[in-house]
Structures are given as C-alpha cells and as structure tokens.
Amino acid sequence: MSRFRDSKFSLLKEYVPGEQPQDKKYIKLNTNESPFPPSPLVISSVNAEEVAKLNLYSDPECKILKKTVAERYGVETENVFLSNGSDEILNFAFMLYGNVNGTVFPDISYGFYKVFGDLYNIKYDAIPLTESFEINPEDYKNTNKFVVIANPNAPTGIALTLDVIEDIIRSNPDNVVLIDEAYVDFGAESALSLIDKYNNLIVCRTYSKSRSLAGARLGFAFASKELIADLELIRNSTNPYNINRLTQIAGTACIREDEYYMNACKEIEKVREYTRAELLKLGFEVLESKANFLFAKHNEIDGNELYLKLKGRGVLVRHFTSERICQFNRITIGTKDQMDIFLETVKSIMEEEK
Ligand SMILES: *Cc1c(COP(=O)(O)O)cnc(C)c1O
C-alpha cells in the first residue's frame with residue numbers, strides 16, 4: 001500500500017475471483033462459465049474486418065445491441081441498460097442507492113455485494129440465510145432499504161418463486177429492489193415481467209454464464225426508464241465507452257442465435273440433475289439448484305481437503321472459506337463428459353478416505 005492512498009481504503013477487502021490458472025489444463029468447474037463455445041455467428045462476426053476498426057471508439061449508446069436486446073425481451077430500449085459485465089451494474093446500483101437508507105442482502109450470496117458495500121461505506125445488513133440455506137422472504141419485506149437478492153442465489157443455487165419476489169418488491173415501494181438474475185436461464189423464474197408494474201425494480205442479467213461470453217464482459221439490466229436514467233448518469237460520468245466494439249458485435253450476434261444458448265441451458269440443466277443424483281448416491285448433501293452449479297458437501301471429507309484433492313487430480317471446483325459454508329464446494333456444471341470425469345475422481349478420492 002502506498003502512503004499516498006486515501007486512508008478510507010485501508011481496510012477495504014477486495015473481491016477475490018475464482019482461479020483462472022494458466023499453468024496446466026484443468027477440468028474447469030470453478031467459475032460458472034459455460035462449457036460450450038459461443039455460437040457460430042458470434043465467432044464469424046468478430047472478424048478481421050471488425051478488429052481493423054479498433055482505432056475507432058465504440059458506439060457509446062450501443063444502439064444496435066440495445067435494440068436487439070429490447071426486441072428479444074419485448075421491452076423498450078429506454079428500459080435497457082448495458083454494461084461491462086453485470087458487476088458494473090451492481091457497482092453503479094450500490095453507488096446510487098446503497099447509502100440512501102442502507103442496504104440488505106443475504107449473508108451467503110454473491111461476494112461482490114459486501115465488497116461494494118464496504119467500498120461505498122454503506123451501512124448494510126447481511127441477513128443470515130435459514131438453517132437450510134434458504135432466503136426467508138419475510139426478512140426482505142418493508143425494509144425501507146436498498147434490497148439486493150440473487151435469484152437463484154449463489155453459491156447455493158436455490159431460487160425463490162416469482163410470487164415471493166413480487167411480494168418483496170411490492171412491500172418496498174420507497175426503495176430500489178435489485179434482483180440479480182445471473183443464473184435465471186437455468187430454470188428459475190425471471191422478474192422481468194414486473195418492470196412495468198414496479199418502478200423500484202432492477203433486473204440484472206449477464207452474458208457470462210448462460211451465453212458463453214464471460215471473456216467478453218457484457219451485462220444488461222431491465223428497469224423503469226427513471227432507474228435506467230440513474231444508471232446512465234453514472235455510466236456517462238465514469239466510462240461512456242464501457243462496452244468495446246467487439247463485445248457489442250458479439251452480444252448482438254449472440255441474441256440473434258438465442259436458440260443455440262437456450263438449448264445449451266437445457267442440456268446443462270439435464271447434466272445438473274444427473275450430477276446431483278450421482279452425488280446423492282455417493283452420500284453427498286446437495287442443495288437443490290436452479291443454476292449452472294451445485295453446492296455440495298460430504299460428512300466424511302472436509303470441504304477444503306476435497307477441493308485440494310480434486311485440484312491435484314486436475315479438476316477445479318470452488319471452495320469458500322467462510323465458516324458457514326466451508327464444508328461445501330461449488331461445482332459448475334460442465335459437459336456430460338466433464339461431469340463423468342469429475343464424478344469418477346470424487347469416487348476415487350472418497351474410496352481412499354475409507
Ligand atoms: C457471475 C455473477 C455476476 C457477474 O457476472 P459478470 O461476469 O460481471 O457479468 C453477478 N452476479 C452473480 C450472482 C454472479 O454469479
């Protein structure tokens with residue numbers, strides 16, 4: 001740390017992303033990426049001709065991409081916000097709404113919520129999940145605070161129904177409710193249909209998980225035009241060219257081949273249920289997931305030990321060290337072949353434990 005740094009950052013704990021090792025080839029089940037490559041049109045659209053235009057700035061309004069997203073989801077372009085990964089939407093929203101009356105989110109959820117809370121000196125309550133790692137909806141009603149809920153939640157994978165989400169939004173009319181739907185395409189219900197009804201709702205999405213574009217950094221949000229204008233204010237005051245030329249092209253091509261991705265999501269759901277059943281047979285406790293990952297633990301092996309042994313054998317999963325969840329591992333759903341290797345590896349590790 002330098003002596004020049006503002007002391008208010010002294011205690012800031014940064015977000016720690018999952019490993020992206022470059023040393024050897026792993027079966028990578030640790031950062032919830034898609035195991036499938038981008039669709040053909042994405043690959044052919046980001047071509048030499050487009051790379052040759054990188055001397056020019058990107059369209060700061062992302063007109064083509066925004067129109068494509070709006071049409072795909074049946075909303076107006078003024079209800080769409082585009083960002084450099086959905087982390088950027090979270091960043092802007094915490095900046096805008098977090099300090100008004102304080103913020104609430106679950107104690108076990110996406111790790112970035114706490115980081116933004118600390119970064120902006122926000123008074124936040126990290127509300128404990130229930131014993132069974134579920135969100136108790138009552139905890140989020142009538143809060144009068146900025147409410148942030150990942151649905152499905154991460155790293156549990158457990159989803160709330162749309163009715164429950166709507167009750168939460170309705171009971172917080174004077175503050176913003178942000179529903180982070182990073183994993184919604186894997187089988188949960190979206191709150192998108194509610195944006196016309198509730199002007200306090202932001203629905204946050206990403207291309208990183210269900211659309212095979214984690215490396216392109218593209219997120220999007222739906223909300224009333226007033227909330228979108230708030231987000232635009234911060235975007236234009238920090239980085240109006242937040243989405244680069246190649247990503248705008250990839251994102252547009254992606255939506256045009258939406259069926260490819262929705263089929264891939266169906267396949268991942270199928271492999272998820274297969275993997276869950278196999279882990280249950282091996283004696284694991286596995287939470288019921290509507291996301292592209294499973295959260296699982298076994299009474300006969302320590303969570304960190306399993307993570308390390310898997311890593312030693314070339315299979316990377318995500319282990320969190322915080323007390324309530326340190327016996328669990330989060331396992332991204334890959335292809336069926338990858339999951340079979342994962343299961344075989346787990347089996348052999350468990351046998352050695354005996
Ligand atoms: C992955 C993830 C994000 C961020 O995704 P980006 O890659 O920044 O779009 C946001 N919220 C949750 C819950 C996530 O798991």
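The protein chain splits into two domains: domain 1 covers 8–37 + 259–353, and domain 2 covers 40–257. Those bounds come from an automatic or database domain assignment.

Ground rules, quickly. This is a predicted model, where local features need pLDDT of at least 70, side-chain atom pairs count only at pLDDT 80 or more, and totals for chains, interfaces and linings use all residues. Numbering runs from 1 along each chain as its sequence is written, and side-chain values use heavy atoms, with hydrogens and water left out.

Now the domain interface. The C-alpha centres of domain 1 and domain 2 lie 24 Å apart. In contact, meaning heavy atoms within 4.5 Å, are 32 residues of domain 1 and 37 residues of domain 2. Together the domains bury about 2700 Å², 66% of it on carbon and sulfur atoms. Buried area here is the accessible area (1.4 Å probe) that two parts lose on being put together, summed over both.

The rule wants a side-chain nitrogen of Lys or Arg within 4 Å of a carboxyl oxygen of Asp or Glu. Across the interface, that rule finds one salt bridge. Ten residue pairs are in polar contact there, both residues at pLDDT 80 or more. A polar contact is a pair of N or O atoms within 3.5 Å; within protein, one must be able to donate a hydrogen and the other to accept it, and residues adjacent in sequence count only if both atoms are side-chain atoms.

On to the ligand. Residues around it include Gly 85, Tyr 110, Tyr 183, Lys 209 and Arg 217. The shell divides into three nonpolar, four polar and four charged residues.

A ligand oxygen is 2.6 Å from a polar backbone atom of Ser 86. A polar side-chain atom of Asp 180 lies 2.6 Å from a ligand nitrogen. For Thr 206, a side-chain N or O atom is 2.5 Å from a ligand oxygen. Taken alone the ligand exposes 380 Å², and the protein buries 93% of that.

Definitions and conventions. Near = heavy atom within 4 Å. Areas by Shrake-Rupley, 256 points an atom, 1.4 Å probe, with all protein chains shown as cover. Nonpolar A, V, L, I, M, F, W, Y, C, P; charged D, E, K, R; others polar.
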